[in-house]
Amino acid sequence: TRAEVATIFYRLLQDEARENVWSRTNSYSDVASGAWYNSAVSTLTNAGILTGYPDGTFRPDAPITRAEFATIAARFYHAPEVTGDAFPDVPANEWYGEAVAWAQQKGIVTGFEDGTFRPNQNITRGEAMKIINKVLFRTPDKEHFLPDMIKWPDNSNTDAWYYTDVQEATNNHDYERVNNTSPETWTKITQARDWKALEAELAQKYPNR
């Protein structure tokens, strides 16, 4: 959903950058102050990474399209302008054309077997994790995972195209590797960050945001 994606990118911010733009206020009519995703949506909107719809809504529970996801990723990483059509169904003059072209040139997104990108198709959780791992230069390798990692009953097929990306994205871990393109060798499963504690700290520090 759009709220889940906002939360993912919110957590990817470096601490200093997050604190600089942190906010719990927004102008959306459907993002309540007490919603679990409020800080993520408000902060990324304040940073210019997220936008809502002309009717003033954000639609947090709506699925997010492949075009929307690529656009958020491009804004998040301050992508430079690119030219040309990335895919036959992504014209450069579409609102998402430049973002998809950038993501395609960087090798972050790929199309389907028929050569299309299908921008208006909803993105899956597996596709989203694969894209984010590419953006972060993460290189999971199932031969170098650890036995005490979190395992999911619906991610048990180790030959599935999304298997390693799901494990990478859902396990906090230390790792070693030779360079940014070599496989990761996991060395230790680590504890997940306490995001509620961080929220409380920021709310106390910036009560008027």
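Me: pLDDT is the predictor's confidence in each residue, from 0 to 100. Which elements of the protein chain have the lowest and the highest mean pLDDT?

Reply: Helix H5 (residues 97-105) has the lowest, 89, and strand S2 (residues 185-189) the highest, 98. Both names come from DSSP runs numbered from the N terminus, with at least four residues (H or I) for a helix and at least two (E) for a strand. The model is predicted, so local features need pLDDT of at least 70 and side-chain atom pairs 80 or more, while totals for chains, interfaces and linings use all residues. Residues are numbered from 1 along each chain as its sequence is written, and side-chain values use heavy atoms, leaving out hydrogens and water.

Me: What is the mean pLDDT of the protein chain?

Reply: The mean is 93, and 99% of the residues reach 70 or more.

Me: Why is Thr71 called buried?

Reply: Buried means under 20% relative accessible area, exposed over 50%, and partly exposed in between, with a 1.4 Å probe and protein chains only. Thr71 has 6% relative accessibility, so Thr71 counts as buried. Thr71 lies in helix H4. Apart from neighbours within four places in sequence, Thr71 touches Trp95, Tyr96 and Ala99, where contact means heavy atoms within 4.5 Å.

Me: What makes H4 and H5 roughly perpendicular?

Reply: Their packing angle is about 75 degrees, and their axes are 8 Å apart. Axes are lines fitted to C-alpha atoms, for helices over the stretch in contact, and angles run from 0 to 180 degrees between N-to-C directions. Under 35 degrees counts as roughly parallel, over 145 as roughly antiparallel, 65 to 115 as roughly perpendicular and the rest as oblique. H4 and H5 are therefore roughly perpendicular to each other. On the H4 side the contact is made by Ala70, Thr71, Ala73 and Ala74, and on the H5 side by Ala99, Val100 and Trp102.

Me: Which residues of helix H1 are buried, and what do they pack against?

Reply: In H1 (residues 2-12) the buried residues are Arg2, Ala3, Val5, Ala6, Thr7, Phe9 and Tyr10. They pack against helices H2 (15-21), H3 (38-46), H4 (66-76), H6 (125-135) and H8 (195-205).

Me: How many aromatic pairs are there, and what makes the pair of Tyr10 and Trp195 tilted?

Reply: There are eleven aromatic pairs. Rings of Phe, Tyr and Trp (its six-membered ring) pair if their centres lie within 6.5 Å; planes under 30 degrees apart are stacked, over 60 edge-to-face and the rest tilted. Tyr10 and Trp195 are 6.4 Å centre to centre with 50 degrees between the planes, a tilted pair. Tyr10 lies in helix H1 and Trp195 in helix H8, so the pair ties together parts 185 residues apart in sequence.

Me: What makes the pair of Trp36 and Tyr37 edge-to-face?

Reply: Their planes are 80 degrees apart, and the distance is 5.1 Å centre to centre. Trp36 is exposed, because its relative accessible area is 59%. Tyr37, at 9%, counts as buried.
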